[in-house]
Amino acid sequence: MKHEQAGLFIRFTAQTVLNSYAMLFFSNRKLLALLILLVSFFNPYTGAAGFVATIIAAATAWFIGFSREQVKSGLYTYSGLLMGLGMGTFYEFSTGFWILLFIASVLSVLISAALIAKLGKNNLPALSLAFILTLWVVILSSREFAAIGLTQRNIYWLNEMYATGGNDLIRLVQWTENLAMPSVIAGFFRSLSAIIFQSNIAAGIVLTIGLLLFSRIAFTLMVAGYTIAIVFIQLMDGYAGSVNYYNLGTNFMLVSVALGGFYIIPSVRSYLWSLITVPVSYILVIALWKITYTWGLPVFSLPFCITVILFIY
């Protein structure tokens, strides 16, 4: 009986983890999830922290006793995945780091459950709100703990790539980073990879190939969202580079996918809604960033969450 229970838990956790990765791109395709998992390890610290956080979140949801099917879908755990990816990107690994990661993973499940229950009464999605709130709590509280500190690894990210795959991987990554391409295309790849806290062209290209293979509608909508944001800022005579600043371009891409082909059936009408909702999210990005910056907090995907929830409501 114990062996059966252990086997059931392992299968449950594996399915939950994979679905959590797939949900980041509004999918349930296992092969796409494996590809996203692989790409997350382009930065091994980021990938490891995200993977561990997702397992902790899945185990937490299991032992609390939430609906097995809902948990298995990744609904309660993909915010924990994002939180783990963020912590692995921002902080040095230490004993204090792993303690805080464990606590934050549990917290992300509790916040997810509360938001799902509260917003679900009005048939609204919780999206990645739990991730944002949890990582904000981590960022603010970690300033009081000497056992955890910010990392400078990302300044020398090529060293991490070398540790992962040696000279061959370094050459491949450097080749992709130096490819001759318009800055707007390079920005698209970086913004796409930033969804999983990567921000490099190589990761963006691999993810693009994955989307083309498994979800061409999602790919076209991400291109549309990014393009609309670029056109909007040019019409407003703003700084075009702000679309890519601190990976904020992901908000526009996610809004386009969510409202253009996920929560609304893909059609000409849903694509046209992107023309309206992407500029709305752009204005929210600027306004919310002005607010969160004063607290030393990234805005993350909050503009995306607000835009989608308001539209669906």
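1. The buried residues of H7 are Leu129, Ala130, Phe131, Ile132, Thr134, Leu135, Trp136, Val138, Ile139 and Ser142. Buried here means under 20% relative accessible area, with exposed over 50% and partly exposed in between (1.4 Å probe, protein chains only). That makes 10 of the 14 residues of H7 buried, and the helix is mostly covered.

2. This is a predicted model, in which local features need pLDDT of at least 70 and side-chain atom pairs count only at pLDDT 80 or more, while totals for chains, interfaces and linings use all residues. Residues are numbered from 1 along each chain as its sequence is written, and side-chain values use heavy atoms, leaving out hydrogens and water.

3. The mean pLDDT of the protein is 87, and 87% of its residues reach 70 or more; pLDDT is the predictor's confidence in each residue, from 0 to 100. Where pLDDT is low, the predicted coordinates should not be read in detail.

4. H7 reaches 20 Å from its first C-alpha to its last, close to the 20 Å expected for 14 residues at 1.5 Å a residue. The expected span is 1.5 Å times one less than the number of residues. Helices (H or I, at least four residues) and strands (E, at least two) are DSSP runs, numbered from the N terminus. Cover for the buried residues of H7 includes helix H5 (78-90), helix H6 (95-120), H13 and helix H14 (302-312).

5. Threonine 134 sits in H7 (residues 129-142) and is buried, at 0% relative accessibility. Not counting residues up to four places away in sequence, threonine 134 touches Met83, Ala104, Leu107, Ser108 and Ile111. Contact means heavy atoms within 4.5 Å.

6. Threonine 292 belongs to helix H13 (residues 268-293). Its relative accessible area is 7%, so threonine 292 is buried. Leaving aside neighbours within four places in sequence, threonine 292 contacts Trp136, Leu297, Pro298 and Val299.

7. Helix H10 (residues 201-214) and helix H11 (residues 216-235) pack at about 130°, with their axes 6 Å apart. Axes are lines fitted to C-alpha atoms, for helices over the stretch in contact, and angles run from 0 to 180 degrees between N-to-C directions. H10 and H11 are therefore oblique to each other: angles under 35 degrees count as roughly parallel, over 145 as roughly antiparallel, 65 to 115 as roughly perpendicular and the rest as oblique. H10 contributes Thr208, Leu211, Leu212, Leu213 and Phe214 to the contact, and H11 contributes Arg216, Ala218, Phe219 and Met222.
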